[in-house]
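Hi,

Here is the structure I promised to pass on. Have a look first, and my notes on it follow below.

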Amino acid sequence: MQFIAMVVDSLRESLDRKIFWVMVAVTFLVVLSMLSLGFEENSVTFFFGMWKQNTDHFNPVTLIGRRAIISGVVHVVLDFFLGWIGVLLMIVATGGMLPSLMQRGAIDVVLAKPINRPRLFLYKYLSILVFALLQAVLFVGLTFLVMGFHWKVWVPGYLLSIPLLVLLFSYVFCISALVATKTESTIAAILLSLVAWVFFAMPPIGLEVFEKYPELQQYTRSYQSAQLAAWVVPKTGDIPYFAAKWAGGGTALDLVPASVMADADEQGKAELEKTKQREEQLLMKNPWLSIGSSLLFEAVIVGWAMWNFKRKDF
C-alpha cells in the first residue's frame, strides 16, 4: 500500500507539471504524422493521400518492405522522438521529484509514517519509473496500433520496446537520483544527468574507433581502457538495435533507396557497406550481457544514492 500511495503521489505531481502535457502532445504529433503516411504497392502516400511517391525499390507487401517499415519506426520514430526527445523531457519532468521529497515539511510528513529511509527512497525511485512506463505504453501502444490498423503491419515484437525504453530512461535517471541526494537541487539533477547521458555514449564511440582502425590497437593500455569503460557504462546506444531486432526490423540503411545505393561512387558504397556491417554487428549483440552490465552499473549508483539518502540530516 505504501508503494501504491507513492506511485499515485508521483503521478499526481507529474500531472501538475506542464512538461507532462508536452510529452503527451509530442506523442500525438508523432501518431498524427504516422497516420498521414500510407503504404501501397510500390508507392508511398503523404499527408493523407495528397501526395504520392512511386517507389520501385519499396513494396510493403514484401518482406523487404515490412523490414523497412519496422526499421523506420524503430530507428526514426522510436529512437529519435522517444529515445532522445522523450527521455530528455522525462528527465526534465522527473528531475525535481526527489529534491521536492527532501524539502523541509514534505520529508517530515513522510518520515512520520512507519517506513524506513531505504525503502522510502526505493519506492520513490520505482514510482518515477512507473511514470516513465506509462509514457512508454502510451507512445508504443499508439504507434503499434497505427502500424497495424493503418499500415496493415502487425508486429507484436514491437511491444517489447516498452520495457526497453523504461530501461533507457532508468540508465540516465539513476544519475539524477544520485545528484539529487547529494545536492537537493533540481537544476543540478537535470543538468548532470544529461551530461552523464552524453558521457555514456563516449566509451563505445572510442572503442569503435579502435576497432575501425586496428593499427591503433598497438596502444594496448588505451585500447584496454576503452574496452573497460565501454563495458562499465550503461549501453544507451544498444537500445534501438535491440528494439529493431526483437521487432523483426533491420538496419537504418534499410531506409536508403536502392537507387541511392546504386548511384553512389565506389568510396560511398564502401562507407555505406561498412556502416551496414557495423549496424548488423549491433543487431547481433548479446542483449542480456549489455542489459545486465548496464543494470549492474545502475544498481551501484542507486545503492550509493540510497546510502546518501539514509545518512542525510533531515
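Predicted model: local features only at pLDDT ≥ 70, side-chain atom pairs only at ≥ 80, totals over all residues.

The one formed by Phe121 and Tyr125 is stacked, with 6.3 Å centre to centre and 25° between the planes. Phe210 and Tyr223 make a tilted pair, at 5.4 Å centre to centre and 45° between the planes. Since Phe210 belongs to helix 8 (residues 186-212) and Tyr223 to helix 9 (residues 220-232), this pair ties together parts that are 13 residues apart in sequence. Phe210 and Tyr223 are both buried.

Ring pairs also join Phe121 and Tyr125 with Phe169, Phe173 and Phe309 in a cluster.

Now to the helix packing. The axes of helix 7 (residues 161-183) and helix 13 (residues 287-311) come within 9 Å and cross at roughly 25°. Because the cut-off for roughly parallel is under 35 degrees, helix 7 counts as roughly parallel to helix 13. Their crossing is left-handed. On the helix 7 side, the contact residues include Leu164, Leu167, Tyr171 and Leu178; on the helix 13 side, Ile291, Leu295, Trp304 and Phe309 are among them. The residues of this contact divide into 15 nonpolar, four polar and two charged.

Best wishes

Key. Residues numbered from 1 in each chain as written. Heavy atoms only, no water. Axes fitted to C-alpha atoms, helices over the stretch in contact; angles between N-to-C directions. Helix = DSSP H or I, 4+ residues; strand = E, 2+ residues; numbered from the N terminus. Parallel < 35°, antiparallel > 145°, perpendicular 65-115°, else oblique. Left-handed = near helix turned anticlockwise from the far one by under 90°. Contact = heavy atoms within 4.5 Å. Nonpolar A, V, L, I, M, F, W, Y, C, P; charged D, E, K, R; others polar. Phe/Tyr/Trp six-rings, centres within 6.5 Å; stacked < 30°, edge-to-face > 60°. Buried < 20%, exposed > 50% of the residue type's maximum accessible area, 1.4 Å probe, protein only.
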